[in-house]
Amino acid sequence: MKQAILGISAYYHDSAAALIVDGEIIAAAQEERFTRKKHDPSFPQHAIRYVLEESDVPFEKLSAIVFYEKPWIKFERLLETYHAFTPGGLVSFVTAIPVWIREKLFQKNLLKKELAKFGIMNAPLLFPEHHLSHAASAFYPSPFSEATIITVDGVGEWATATIGKGNGATINVLKELQFPHSPGLLYSAFTYYCGFRVNSGEYKLMGLAPYGNPNSKQTREFYEKIRENLVDIRDDGSILLNMDYFRFATGMRTTRDKKWKVLFGIPPRKPEAAITQDHMNLALAIQLVTEEIMINLATHAKEITGCRNLVLAGGVALNCVANARLQKTGLFDEIWVQPASGDAGGAVGGALAAWHIYLQMPRIPVKPDGMKGALLGPSFGCKDITRVINRYHAVAEHYTNDVTLCSEVALLIKSGNVIGWFQGRMEYGPRALGNRSILGDPGNTGMQKRLNLKIKYREGFRPFAPAVLEEDLGQFFDMEGRSPYMLFVAPVKKHRRYPEPPGYQDSPLAERLYHIRSDIPAVTHIDYSARLQTVSREVNPLFHQLISEFKKLTQYGMLINTSFNVRGEPIVCSPDDAYRCFMSTEMDYLVLGNYLFDKTAQPERPDWIYGSRSID
């Protein structure tokens, strides 16, 4: 009889559910995609309902249910931290503790109450540690039989980073860095200070960093001040934060703004305020410090594990620039990063930990990996699409075969159109990988500006990722291997680059932003890098077919691939979400399955179509 395990992450941010059957990941999804509330932390009732339906496993037949961390240890850390920092943090204490006592302290009872809505609960409820869930999410789906495991994030219960070793079905945690000394919280503090939201804006800080001037005196001074005043980085990758400069241990903010202003000579940037060169240089300085921490951590991890392969998880593992620097060191033969490295991935990791550790089941690594291209969410059929057409009196052309559809869409992209592309199963994790994507021509010189300002409604400095045919990678980028999950950056080939004009580094952001840097300008970042997705025919044949058709027309086996959403909203889940997003932006065409929608052919709709709509 098959054994199924339900994994859950919830109550902090990015709640999710995952279901594995006999060790195979069958389904996984974040709650935000169903509720349309970005980073939704609530109990993932819709995600749980989906994964159970996708797997056809009755709730009563589950072998185990796993919550991704231990709430009691987290509460212990909270109390000990407030005690250690007394009398500081009184306001935060008065705010946080009643919530813990009322809700989170009795989280086991709360979980059982929520789970009872799905039926009779016969399975045991398990609580692995937060970083064990991260470690399991990194190692068990990886293609390696043995690997060094590194997890780095803000904080779990006590741990903020761990080094472990995976071998077969076993995971041994060898070293642990503890709160408040956290690489993730250090990076988040700069995220806040540069005017972005903590726990969601870290990737914006990473995207801003290349606009910093690496040769400027100010950048060097920022770097030195961080190293001398904020963080002591040890050779083994561990760090000590100077808590005189931080408030995240007991405060409602991350930094002591007055001390930071004195130290760096600039005030915190207010959200939506103009971004100055000072903030760009500060972003670059903390990015360099973070990369240094990760390299030291990986070097030490390699020494104590002796493994030639590395796997990564935790929120910091989403820093694809740091991942690329690790790759360039040559410390490891191969590096594999969990595509849902943040807390959402804890649902998968917790379930896999229960399978291999609690139930003691053996493991056989899967090639290319066990995440199935991260295409683990819900899919929708023709009936769902025709329902949308009927509801909105939409106009669409139906194509009976994929080749004809892809050929037509490739021609539309070549002609300068922006396409909403909705196919198959939704992606799990923060990246759209070709099933819930907005697509464009990477060679179009005006495409980056148009996508940022007219389609995504986001900051103009934000780069876009190229989705390149796996077999064509070496034609465009200096990188070997694969990057299926957009978790590595690579330099554009030198012969494709255009030189910078004199004084370029000192020119205003507006002048540098849309400078044409290569023959693929829309995906070439200011430092001549790109965050890559390699597309495999085996993993996503339809997306591979579309890019191949575009290559026939242009000689470029590559498309711009950005997530199908607008700023502030989750990636679309359903055809209804996709059509509404399409109609509320300046996208030109929408593809839902084999149906093609032309914006100019759609009827005028009332205002209610343009907002988000919860499934409730």
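Is R227 buried, partly exposed or exposed? Select R227 and colour by accessibility: at 27% relative accessibility R227 counts as partly exposed, since that class lies between buried (under 20% relative accessible area) and exposed (over 50%), using a 1.4 Å probe and protein chains only.

Before going on, a word on the model. This is a predicted model, in which local features need pLDDT of at least 70 and side-chain atom pairs count only at pLDDT 80 or more, while totals for chains, interfaces and linings use all residues. Residues are numbered from 1 along each chain as its sequence is written, and side-chain values use heavy atoms, with hydrogens and water left out.

**Stop 1**

The term covers a side-chain nitrogen of Lys or Arg within 4 Å of a carboxyl oxygen of Asp or Glu. Side chains of opposite charge can pair when their charged atoms come close. Helices here are DSSP runs (H or I, at least four residues), strands are E runs of at least two, and both are numbered from the N terminus. E292 is partly exposed too, at 22% relative accessibility.

**Stop 2**

The structure holds 21 salt bridges. Go next to D478 and K493, whose side chains meet at 3.2 Å, N to O. D478 sits in the loop between α17 (473-476) and β17 (488-491), and K493 in the loop between β17 and α18 (509-513), 15 residues apart. D478 is partly exposed at 38%, and K493 is partly exposed at 22%.

Now pick R580 and D576, a salt bridge with its closest N and O atoms 3.9 Å apart. Both lie in helix α20 (residues 575-583), four residues apart, so about one helical turn separates them. R580 is buried, and so is D576.

**Stop 2: a helix crossing**

Show α7 (residues 183-193) and α10 (residues 257-264). They pack at about 85° with axes 12 Å apart; axes are lines fitted to C-alpha atoms over the stretch in contact, and angles run from 0 to 180 degrees between N-to-C directions. That makes the two helices roughly perpendicular, a label for 65 to 115 degrees. For the contact itself (heavy atoms within 4.5 Å), select A189, F190, Y192 and Y193 of α7 with D257, W260, K261 and F264 of α10.

**Stop 3: the cores**

Which residues touch the most other members of the largest nonpolar core? Among its 148 residues, they are F190, F246, F264, Y428, F477 and F597. A nonpolar core is a set of buried Ala, Val, Leu, Ile, Met, Phe, Trp, Tyr and Cys residues joined through side-chain atoms within 4.5 Å. The largest share, 13 residues, comes from α11. Centre on Y428, and leaving aside residues up to four places away in sequence, you'll find that Y428 touches residues including A16, Q30, G345, M371 and L376. A second, separate core has 32 residues, L6, V21, V57 and I65 among them.

**Last stop: P541**

Finish at P541, in helix α19 (residues 541-554). P541 is partly exposed, at 48% relative accessibility.

How values were computed:
Parallel < 35°, antiparallel > 145°, perpendicular 65-115°, else oblique.
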